Amino acid sequence: MMSHIAVDIGASSGRVMLATLDRDRKLSLKEIHRFKNEIRLVDGHYRWDISYLFNEILTGLSKVKSSGVEKATLGIDTWAVDYCLLDENGELLAQPIAYRDERTNGAMEEVFQSIAAERIYAKTGIQFLKFNTLYQLYREDRKLLNQTSSILMIPDYLAYLLTGVQTLEITNASTTQLLEVHSEELDQDLLDLLQLSREKFPRVVQSGHVIGEVLPDLRVAYDLPDCKVIAVATHDTASAVVGVPSVGEHPAYISSGTWSLIGLENHSPITSHAAFEQNYTNERGAYHTYRFLKNITGMWAVQEIARNLDYQYSYAEMAQEAYQVEPFLQYVNLNDDRFTRPENMIEEIQAYCHETNQVVPKTVGELTMCVYSNLALIYAHEWKVMQELSSHSCKTLHIVGGGSNVKLLNQLTADVIEKPVIAGPGEATAIGNVMVQLVSEGIVESVTEARAWLKQQFDYDVYQPQPIGDRDHLALFREKVVH
């Protein structure tokens, strides 16, 4: 029985997951190792401890070997946009700066003085976020860049440490806002703006590309299994979309985690002026697809509320308290920069409501319902915009990822979009990671077959829309909450 390992690292935690298929092709997914991930203030910037993350991967792989697995395939997915700078010897020059660092404040506006925003969008098809790699590199320490021989995205760097091979996997490459929207090349005008040569970046590879084997020295030193490392859809959202159990055309989805990514899977980009104005993105997906989506806030506010309360409540307990509270009592634009990294999320939400003469949430239930109600309103707004921009009419919405377990939010979302919501799998990212490995190995013929197979693997919760009293009032709320 062949084994498949998914290394899945997000902004707050990472996991090493072991997947196996039995003779009846039933999928078994087991968490072997879990570890924390967080940014730390070092030398004036918020940074990731990438060395720690790699050591945790090695620990997880060693546990896989201890469980009896001698041979496996392996894929790594992480968050997007952040990168590592390597010198001519392939050594890390500094721990990578995190996208939540404030160094990119105002960088977009400075870049637009050299290349207009609409021209950048026409070139790349990527939405404008102040932490895109383009703006991070624009603000990068020039002295450090002059010492740089290679620039690797986070998952590509981790794969390089395992194999000694440098690649630039396409799903993560597209999030840089440097990749041409209709090709697999980095845009020369944008590279010139950054004063970077193309040679500093590895070649672009497609999802499913075999990178290489884990280095023998690592296998011996850490007692690791014999692993073939495959470039899966290395952006975690791209892996999650592969794990959407839909067999129809243009599946509509929300990949729900710290961030929420709402979108459609297309076979060509949409770079219209309207898409530009609405700041929709055309990130690359696995197997020559485009993820036409909007990157909006997700569980971040709830996570921060839990932290501010010293984790007195589990997320399930917070939701249970919220069930006692009436929804839609206030509207809060959770996408506003003031909620990106506030000193205290609870106080920031309360201050916002006070400033706008609204009901101020105080209890844990009121705060949680405030967040979930406003997330549902944001989802509803983008659900409408997404269909208008794409000219696709969507009958159902798939919610995958950790947020798919939040029944309250799923029901609120179904209510406001007036369409069924299909929730799960919660482990869509790890499952999508594994599915690319299966296709690469020829175990499953295509992603279409893989999704049809996935649909039979689990039971999914379906949330039917329930009546809401004053929909005209709610529609006004929905429009206000995103402006």
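Which residues does isoleucine 443 touch, not counting residues up to four places away in sequence?

1. The model is predicted. In it, isoleucine 443 touches His4, Leu21, Arg25 and Leu438, with residues up to four places away in sequence left out of the count. Isoleucine 443 sits in the loop between α17 (428-440) and α18 (447-455). From glutamate 366, isoleucine 443 is separated by 77 residues in sequence and by 49 Å in space, C-alpha to C-alpha.

2. Helix α16 (residues 407-417) is largely enclosed by the rest of the structure, because nine of its eleven residues are buried. The buried residues of α16 are Leu408, Leu409, Asn410, Leu412, Thr413, Ala414, Asp415, Val416 and Ile417. Just after α16, glutamate 418 has a positive phi of about 60°.

3. Helices α15 and α16 pack with their axes 9 Å apart, at an angle of about 40°. The two helices are therefore oblique to each other, and α15 passes α16 in a right-handed crossing. On the α15 side the contact is made by Met369, Tyr372, Ser373, Leu375, Ala376, Tyr379, Ala380 and Trp383. On the α16 side Leu408, Leu409, Leu412, Thr413, Val416 and Ile417 take part. Sorted by class, this contact has twelve nonpolar residues, two polar and no charged ones.

4. The largest nonpolar core has 90 residues, and the members that touch the most other members are Leu137, Phe201, Ile305, Ile349, Val371 and Tyr372. Helix α15 (residues 364-390) supplies the largest share of this core, 16 residues. Tyr372 of α15 also belongs to the contact with α16.

5. Isoleucine 349 touches Ile305, Phe339, Pro361, Leu367, Cys370 and Val371, again without residues up to four places away in sequence. Ile305 and Val371 are, like Ile349, among the core members that touch the most others. Apart from this core lies another, of 44 residues, which includes Ala72, Ala98, Leu162 and Leu218.

Conventions: Residues numbered from 1 in each chain as written. Predicted model: local features only at pLDDT ≥ 70, side-chain atom pairs only at ≥ 80, totals over all residues. Heavy atoms only, no water. Buried < 20%, exposed > 50% of the residue type's maximum accessible area, 1.4 Å probe, protein only. Helix = DSSP H or I, 4+ residues; strand = E, 2+ residues; numbered from the N terminus. Core = buried A, V, L, I, M, F, W, Y, C linked by side-chain atoms within 4.5 Å. Contact = heavy atoms within 4.5 Å. Axes fitted to C-alpha atoms, helices over the stretch in contact; angles between N-to-C directions. Parallel < 35°, antiparallel > 145°, perpendicular 65-115°, else oblique. Left-handed = near helix turned anticlockwise from the far one by under 90°. Nonpolar A, V, L, I, M, F, W, Y, C, P; charged D, E, K, R; others polar.
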